[in-house]
Amino acid sequence: MPAKSKAQQKVAGAALSAKRGETPKSELKGASKQMVESMSEKQLEEFASTKRKGKPQHVSK
């Protein structure tokens, strides 16, 4: 499932970095902290690799 916004893609990238051990998990905040716990590395890669062109900054609920 691709990211729906630029913000979601950035959060997934931060969570993926922590999942791989490149960034300490203690540096994560909010949604990225939840994503690293609940999603697999493959799912995070799909979110983080989404093209950003044409995506809104945030998605309204």
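## Salt bridges and a buried serine in a predicted model

S17 lies in helix α1, where helices (H or I, at least four residues) and strands (E, at least two) are DSSP runs, numbered from the N terminus. The structure is a predicted model, in which local features need pLDDT of at least 70 and side-chain atom pairs count only at pLDDT 80 or more, while totals for chains, interfaces and linings use all residues. Residues are numbered from 1 along each chain as its sequence is written, and side-chain values use heavy atoms, with hydrogens and water left out.

With a relative accessible area of 13%, S17 is buried; buried means under 20% relative accessible area, exposed means over 50%, and partly exposed is in between (1.4 Å probe, protein chains only). When residues up to four places away in sequence are not counted, S17 touches E22 and T23, a contact being heavy atoms within 4.5 Å.

Side chains of opposite charge can pair when their charged atoms come close. A salt bridge is taken here as a side-chain nitrogen of Lys or Arg within 4 Å of a carboxyl oxygen of Asp or Glu, and by this rule the model has 3 salt bridges.

| Salt bridge | Closest N and O atoms |
|---|---|
| R20 and E41 | 3.1 Å |
| R20 and E45 | 2.8 Å |
| K42 and E46 | 3.9 Å |

In the salt bridge between R20 and E41, the closest N and O atoms are 3.1 Å apart. R20 lies in the loop between α1 (6-19) and α2 (30-38), whereas E41 lies in helix α3 (residues 41-48), so this pair ties together parts that are 21 residues apart in sequence. R20 is partly exposed at 41% relative accessibility, and E41 is also partly exposed, with a relative accessible area of 33%.

R20 also forms a salt bridge with E45, where the closest N and O atoms are 2.8 Å apart. Because E45 lies in helix α3 and R20 in the loop between α1 and α2, the pair ties together parts that are 25 residues apart in sequence. E45 has a relative accessible area of 34% and is partly exposed.

K42 counts as exposed at 58% relative accessibility, whereas E46 is partly exposed, with a relative accessible area of 36%. Through salt bridges that share partners, R20, E41 and E45 are joined into one network.
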